[in-house]
Amino acid sequence: MAAQTEESDCAREQTKAEQDVDQVRKRAARDQQRLDSGAVTSPKDLANLQHEIASLAKRQGDLEDVVLEVMERRESAQQRVAELTERVASVQAKADDAAGRRDAALQEIDAEVASVTKERDVVAGTVPADLLGLYDKLRRQHGGIGAAKLYQRTCQGCRQELAITELNEVRAAAPDAVVRCENCRRILVRTAESGL
Ligand SMILES: [Zn+2]
């Protein structure tokens, strides 16, 4: 946007400088016409007129230099606008591509959430209500994890190894008893790898 502003500022400056040149040129032409017409006869007036024509020529040359300088600045501003426009287009294309991939990923995630939620509902339907209630309560209290695997004598919820007395209690518990971690209170899930 800054480059575009610079370009349009240059364009305005160029128009103004060209008008200045035009004005000087017209005035010089008028003077020249008067000189050529022979209407001016006084030597003093003739000298003045010739002097003015000469200084107008000098002024026109200076103003034309200004026009050229402005045109050069405008050209580089135009180049910059073109370059930046191209870059904006390429960055926009990348952003569009990333947004497209994000949307596709979100769709996949939504689909996965829907299918996992359905699976969970099926499993939850087989769990006794009081146990499910306890699990849900623990899950709310412990960052979404209400039950943890007991793996090699370590609770995978809090990563604490069970003390020997606690371990003995777990060993003695009936297979269908609900055992909890002494440390984090999560439900412990016993497997063949529990180290019991
Ligand atoms: Zn624990």
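Does C181 count as buried or exposed, and at what relative accessibility? I looked this up and found 1% relative accessibility, so C181 counts as buried (buried means under 20% relative accessible area, exposed over 50%, partly exposed in between, with a 1.4 Å probe and protein chains only).

I noted that this is a predicted model, in which local features need pLDDT of at least 70 and side-chain atom pairs count only at pLDDT 80 or more, while totals for chains, interfaces and linings use all residues. Residues are numbered from 1 along each chain as its sequence is written, and side-chain values use heavy atoms, without hydrogens and water.

Next I turned to the zinc ion, whose protein donors are the SG atoms of C155, C158, C181 and C184, 2.3 to 2.4 Å away (donors are N, O and S atoms within 2.8 Å of the metal, or 3.2 Å for Na, K and Ca; water is not among the atoms, so sites may look incomplete). The angles between the four donor atoms run from 106 to 115°, so the arrangement is tetrahedral (for four donors, all angles must lie between 85 and 135 degrees).

Last, I checked the domains, whose bounds come from an automatic or database domain assignment: domain 1 covers 2–110 and domain 2 covers 129–190, and their C-alpha centres lie 80 Å apart.

Methods:
Tetrahedral: all angles 85-135°; square planar, octahedral: opposite > 155°, others 65-115°.
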